[in-house]
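Me: I would like to learn how to read the side-chain features of a protein model, one feature at a time. Could you take me through an example?

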Amino acid sequence: VQLQASGGGLVQTGGSLRLSCAASGRTIINYAMGWFRQAPGKEREFVAAISWNGGRIYYSDFVKGRFTISRGNTKNTVYLQMNSLKPEDTAVYYCAAGSSPVVTLKGYDYWGPGTQVTVSS
């Protein structure tokens, strides 16, 4: 499975962005999907995850209520709607595919290159 995240960019505090993760090579319809992020000098951390059928969704505490993860109609794309962005949300955002919507990096088998999100104050 090849994953490609897109939709990052520069936005002001309080603004919104929608990230997309598109799969190629193999469908991700049966995979759980996760979003992670990594800020400069920090470890990669969990942001959100969704099960293969959308029935289970998890968020990290620092994005709960502001970010929404969803699967596209074809189920081969996953989105991360990010609202009320803060400077501390600045990071490279990665999407990943795995068997379960877990919060740990090791739980995911496939990763795509990240997309940069920068929130200015």
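Reply: What follows is a conversation about the core, the aromatic rings, the disulfide and the salt bridges. This is a predicted model, in which local features need pLDDT of at least 70 and side-chain atom pairs count only at pLDDT 80 or more, while totals for chains, interfaces and linings use all residues. Residues are numbered from 1 along each chain as its sequence is written, and side-chain values use heavy atoms, with hydrogens and water left out.

Me: Which residues have the most contacts inside the largest nonpolar core?

Reply: A nonpolar core is a set of buried Ala, Val, Leu, Ile, Met, Phe, Trp, Tyr and Cys residues joined through side-chain atoms within 4.5 Å. Buried means under 20% relative accessible area, exposed means over 50%, and partly exposed lies in between, with a 1.4 Å probe and protein chains only. Here the largest core has 29 residues, and those with the most contacts inside it are Leu 3, Met 33, Trp 35, Leu 80, Met 82 and Tyr 93. Among the elements that give two or more residues to this core are β1 (2–6), β3 (17–24), β4 (32–38) and β9 (91–98); strands such as these are DSSP runs (E, at least two residues), numbered from the N terminus. A second, separate core of five residues includes Phe 36, Phe 46, Ala 96 and Tyr 108.

Me: Which residues is Leu 3 in contact with, leaving aside its neighbours within four places in sequence?

Reply: Contact means heavy atoms within 4.5 Å. By that rule the partners of Leu 3, leaving aside those neighbours, include Cys 21, Ile 28, Met 33, Cys 95, Tyr 110 and Trp 111.

Me: How many aromatic pairs does the structure hold?

Reply: A pair of aromatic rings is described by the distance of the centres and the angle of the planes. Rings of Phe, Tyr and Trp (its six-membered ring) pair if their centres lie within 6.5 Å, and planes under 30 degrees apart count as stacked, over 60 as edge-to-face and the rest as tilted. The structure holds five such pairs. In one of them, the rings of Tyr 31 and Tyr 110 have centres 5.8 Å apart and planes at 90°, so this pair is edge-to-face. Because Tyr 31 lies in the loop between β3 and β4 and Tyr 110 in strand β10 (residues 108–111), the pair ties together parts that are 79 residues apart in sequence. Tyr 31 counts as buried at 15% relative accessibility, whereas Tyr 110, with 23%, is partly exposed.

Phe 36 and Trp 111 form a tilted pair, with 5.0 Å from centre to centre and 55° between the planes. Phe 36 belongs to strand β4 and Trp 111 to strand β10, so here the parts tied together are 75 residues apart in sequence. Phe 36 is buried at 0% relative accessible area, while Trp 111 is partly exposed at 28%. Phe 36, Phe 46, Tyr 108 and Trp 111 form one aromatic cluster.

Me: Which rings does the charged end of Arg 44 sit over?

Reply: A charge sits over a ring if NZ of Lys or CZ of Arg is within 6 Å of the ring centre and within 35 degrees of the ring normal. The charged end of Arg 44 sits over the ring of Tyr 94, 3.6 Å from its centre, and also over the ring of Trp 111, 5.1 Å from the centre of that ring.

Me: Which cysteines does the disulfide join?

Reply: A disulfide is a covalent bond between the sulfur atoms of two cysteines. The rule used here asks for a pair of cysteine sulfur atoms within 2.5 Å, and the count comes to one. This disulfide joins Cys 21 to Cys 95, with 2.1 Å from S to S, and the torsion about the S-S bond is about 65°, so the disulfide is right-handed. Cys 21 lies in strand β3 and Cys 95 in strand β9, so the bond ties together parts that are 74 residues apart in sequence. Cys 21 is buried at 0% relative accessible area, and Cys 95 is buried at 1%.

Me: Which residues do salt bridges with shared partners join into one network?

Reply: Side chains of opposite charge can pair when their charged atoms come close. A salt bridge is a side-chain nitrogen of Lys or Arg within 4 Å of a carboxyl oxygen of Asp or Glu, and the structure holds four. Arg 37 meets Glu 45 at 2.8 Å, N to O, and Asp 89 forms a salt bridge with Arg 37 in which the closest N and O atoms are 2.9 Å apart. Asp 89 and Arg 37 are buried, whereas Glu 45 is partly exposed at 31% relative accessibility. Salt bridges that share partners join Arg 37, Glu 45, Arg 66 and Asp 89 into one network.

Terms used:
Helix = DSSP H or I, 4+ residues; strand = E, 2+ residues; numbered from the N terminus.
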